[in-house]
Amino acid sequence: MASVLLALVLLTAEVTLSKGSNQCVARNLGHDSVVCECNSTYCDSVGSVALPPLGQYSSYLSSLAGSRLEAGRGQVRVNSTGAGLRLTVVPDQKYQKIRGFGGAMTDAAAINILSLSAGAQDQLLRQYFSPEGIGYSVVRVPMASCDFSTRLYTYADTPGDYNLDNFTLAPEDVKMKIPLLQRAQALSPRPLSLLASAWSAPAWMKTNGALIGKGSLRGRPGGKEHKTWAQYYIRFLEEYAKYNLTFWALTTGNEPSAGHLTNYSFQALGFTPEEQRDWVALDLGPALHASSHPRTHVLILDDNRLLLPHWAKVVLNDIHAGRFIHGVAVHWYMDGLVPAEMSLGAVHHLYPEYYLFGTEACAGWSSLDRGVKLGSWDRAEQYAHDIIGDLNHYVVGWTDWNLALDQTGGPNWVKNFVDSPVIVDARRDVFYKQPHFYSMAHFSKFLWEGSQRVGVFASQKTELEYTGFIRPDGSVVLIVLNRSPSVIQFEVGDLAVGFISSTAPARSLLTLAWNTH
């Protein structure tokens, strides 16, 4: 009997311990909420998520008060609770399917990850990519340098090298980004969707003879610079393929509008929508089609939605360009200036055969709210608000910017310091998971590839923001953001199963999930 009791005590201790082992090591570093500190031997993790049987639901809560993906379970009720606010899931109203969520393996991100000990590096990569992590499946990879590099370079800096005889990957690729991408892929249960974006063509191909500032390709689409620039993309895909890294998609170039700004401070390549249309039709599209990577998707724009729907109309109305294009890539900067329906919604309704994909976002980019803020819940809310708005307007994926930065928000050669979901303190061999890391997790962990957005209707006006999906296995996921200072009681109605009584605490993000069969 004693041995049975001892076994029971040990078992109970083990269960309690395993629950405890997932807790955030919270640090308050002077902002409105906390970060979770991780090191080479410990990091909080939500683990792999299995839903309870039919008749129960799972909930995951993060909040200003300090909850971080706090797990809960409850019973689905047969009858309505009569709550004033009901969110009704309408599975017959079907919209877009999810491709994935992720972040960018910039030079800066790679430098920061590799500044940690081997054990801490592994912890960090696991947080993003492993089954017990947050389910990232998309990685954006800059082609050569961007502002989040420590130097200015491209892969073909030899003047007049139109045949790209001297094209070569940089040490940053071979020694840092590629090994880390291979490690991320090894941790991921599914193939990663790699996405390539170039910031600038080599200086000798450009009107201004420099990687930075106002400048575009010399000549015109169909000419030798434009043809060489298309081949540069092909060579990049070929070189990465040698390391067993193949790209799902490429963009036509990062922020083409930046290359039209006088004295622009870092790498840029200007295109008008007309030039982009003709370059895709005459050069990039045919080059990709004739290459060993003809299935690689082409995403246009890769810039702010402020430019939509005009940019999409110019490019996609052209049959010669349109046949090579798969989607429209958008950045989140200045989203507040243009409603999602007028930009994203308009593009979807005009061109439903092309998907919309979020390719860049970061907090701390504006002069009014600059750099790293350790523990900022306000930034977690900015992320969740933008993602919900995008998903509710046909976007199929959302990509954060740098996967990791240092405590100043760099390195960045032009000192354009911003925030990241993971901040590295190499001196202490730790990293901090910011509140907006958990914002990403509320979506990336639960909205698997192939999940389809469905209708969700509120019975009355509410401050809650929400989006609903049916996953490939038939389970339902509902994500609810409460940016208000008040607790909001509500119930969820799903005709397939019944009613869920729930509460959104003040300043919180909640993911609810349940099986339907």
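Student: Ala, Val, Leu, Ile, Met, Phe, Trp, Tyr, Cys and Pro count as nonpolar, Asp, Glu, Lys and Arg as charged, and the others, Gly among them, as polar. How does the lining of the second largest pocket divide by class?

Tutor: Into seven nonpolar, six polar and six charged residues. This is a predicted model, in which local features need pLDDT of at least 70 and side-chain atom pairs pLDDT 80 or more, while totals for chains, interfaces and linings use all residues. Numbering runs from 1 along each chain as its sequence is written, and side-chain values use heavy atoms, without hydrogens or water.

Student: How much space is in the second largest pocket?

Tutor: About 440 Å³, taken as the space filled by probe spheres set on grid points that are joined across faces, edges and corners. A pocket is an open set of points on a 1 Å grid over the protein atoms alone, where a 1.4 Å probe fits, with protein on both sides within 12 Å along at least five of seven lines; lining residues have an atom within 4 Å of a point.

Student: Which residues lie nearest the centre of the second largest pocket?

Tutor: W332, D335, G336, H385 and D386, out of 19 lining residues. Helix α10, residues 377-391, gives the most to that lining, with five residues. Helices here are DSSP runs of H or I with at least four residues, strands are runs of E with at least two, and both are numbered from the N terminus.

Student: And the largest pocket, how much space lies in that?

Tutor: About 560 Å³. The lining has 21 residues, and N22, Q23, L69, E70 and A71 are the closest to the centre. The largest share, four residues, comes from β4.

Student: What is the make-up of the largest pocket's lining by class?

Tutor: Eight residues are nonpolar, eight are polar and five are charged.

Student: Why does D369 count as buried?

Tutor: Because its relative accessibility is 18%. Buried means under 20% relative accessible area, exposed over 50%, and partly exposed in between, with a 1.4 Å probe and protein chains only.

Student: How about V49, where is that?

Tutor: V49 is in the loop between β2 (35-38) and β3. Its relative accessible area is 22%, so V49 is partly exposed.

Student: Which residues is V49 in contact with?

Tutor: Y60, K445 and F446, leaving aside neighbours within four places in sequence. V49 also lies 8.1 Å from E132, C-alpha to C-alpha, across 83 residues of sequence.

Student: Changing topic: which residues of α9 are buried?

Tutor: In helix α9, residues 340-350, the buried ones are A340, S343, L344, G345, A346 and V347. Those residues pack against the helices α7 (310-316) and α10, and against β11 (327-331), β12 and β13 (395-402).

Student: Now the whole chain. How many helices and strands?

Tutor: The chain has 11 helices and 22 strands. Of its 517 residues, 59% count as buried. Its C-alpha atoms fill a box of roughly 85 × 50 × 45 Å along the principal axes.

Student: What share of the contacts join residues at least 24 apart?

Tutor: 72%, among contacts between residues at least 6 apart in sequence.

Definitions and conventions
Contact means heavy atoms within 4.5 Å.
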